[in-house]
Amino acid sequence: MKFEIVYEDDNIVALNKPSGLLSIPDRYNQSIPCLYHEVAQKYEQLFVVHRLDKDTSGLIVFAKTEDSHRYMSQLFEGREVKKYYLAIVNGRPMKPSGSILAPIAEHPTHKGRMSIQKKGRFAHTDYELQESWNGYSLLKLRIHTGRTHQIRVHMQHLGTPIVGDPFYGDGAPLLLSSVKKKFRLAENAEEERPLISRLALHASELIFTGMQGEKQTIVAPLPKDMSVSIKQLTKWGKER
């Protein structure tokens, strides 16, 4: 399995995780492929610091020593890491920027899903509109807390569910025909190929203070399906 290393030093290694791959071993089935198992083969030792949802692509950091594991874990637990994401969402928020402060707990009837509930755990997400097109928007998001499915639940709450989200949206893929007025299917194609057919959420940037006191900014480039989608939306999806 190919994985992209975006940053590495003596203490940590940062990777650009593809969508559809677990970050860490499955609790019940260790044989399911995960990024940790793949990367750990390259190093004498490797420690889990944080994780991303299976369907989310982007930046994830592993520690290479016990000292760096302790240090990085304390940063994440103390909310001293700035965590930024990019998401293609359905619709457009009423305000170009804002904060969502809405507590999250397990859904009362749907196992494996989360929902906003008064007695849930505190959750804080900031959003900022980057671009908007006919029916879609690109948002930059910062999470101050790390609740399960936090961004996905908060985007649903905002009225702009993430494209391709089967739990908190309609799960529909992004099709060029939905934004291009005179779309024509290629003669040799039986059906339209989606621009993106998975959760359009990418962990793009981490900012924190390194072990030597230096400011560190690590960026994970957008995967091809998201970058192509943004280019096509920009070309054909001007708001009418």
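These legends go with a set of close-up views of the structure above.

The model is predicted, so local features need pLDDT of at least 70 and side-chain atom pairs count only at pLDDT 80 or more, while totals for chains, interfaces and linings use all residues. Residues are numbered from 1 along each chain as its sequence is written, and side-chain values use heavy atoms, with hydrogens and water left out.

**View A. Strand S10 and its two partners.** Strand S10 covers residues 136-143; strands (E, at least two residues) and helices (H or I, at least four) are DSSP runs, numbered from the N terminus. On one pairing, S10 runs antiparallel to S5 (residues 82-90) over 8 bridges, and Ala87 sits opposite Leu139. S10 also pairs in the antiparallel sense with S9 (residues 124-133), over 8 bridges, with Trp133 opposite Tyr136. To count as paired, two strands need at least two DSSP bridges between them. The hairpin of S9 and S10 has 2 residues between the strands, and Gly135 there takes a positive phi near 90°. Since 6 of its 8 residues are buried, S10 is largely enclosed by the rest of the structure. Here buried is under 20% relative accessible area, exposed over 50% and partly exposed in between (1.4 Å probe, protein chains only).

View B. Lys83 belongs to strand S5. Leaving out residues up to four places away in sequence, Lys83 touches Phe76, Leu141, Arg142, Ile143, Glu205 and Leu206 (contact: heavy atoms within 4.5 Å).

**View C. Leu141 and the nonpolar cores.** Leu141 and Ile162 have the most contacts inside the largest nonpolar core, a set of 45 residues. A second, separate core has 15 residues, including Val61, Ala63, Met72 and Leu75. Such a core is made of buried Ala, Val, Leu, Ile, Met, Phe, Trp, Tyr and Cys residues joined through side-chain atoms within 4.5 Å.

**View D. His202 in strand S11.** His202 lies in S11 (residues 201-209) and counts as buried, at 0% relative accessibility. Its side chain reaches the backbone oxygen of Pro221 at 3.2 Å.

**View E. Helix H3 and Arg152.** H3 spans residues 150-158, and its buried residues are Gln150, Ile151, Arg152, Val153, His154 and Met155. Arg152 has a relative accessible area of 5%. Beyond its neighbours within four places in sequence, Arg152 contacts residues including Asp53, Ile162, Asp165 and Tyr168. Gly159 follows H3 with a positive phi, near 90°.

**View F. Salt bridges.** The count is 5 salt bridges, each a side-chain nitrogen of Lys or Arg within 4 Å of a carboxyl oxygen of Asp or Glu. In one of them, the closest N and O atoms of Lys64 and Glu8 are 2.9 Å apart. Lys64 lies in the loop between S4 (57-63) and H2 (66-77) and Glu8 in S1 (residues 4-8), so the pair ties together parts 56 residues apart in sequence. Lys64 is buried at 16%, whereas Glu8 is partly exposed at 34%. Arg70 and Asp67 also form a salt bridge, at 3.1 Å between the closest N and O atoms; being 3 residues apart in H2, they are separated by about one helical turn.

Definitions and conventions
A polar contact is a pair of N or O atoms within 3.5 Å; within protein, one must be able to donate a hydrogen and the other to accept it, and residues adjacent in sequence count only if both atoms are side-chain atoms.
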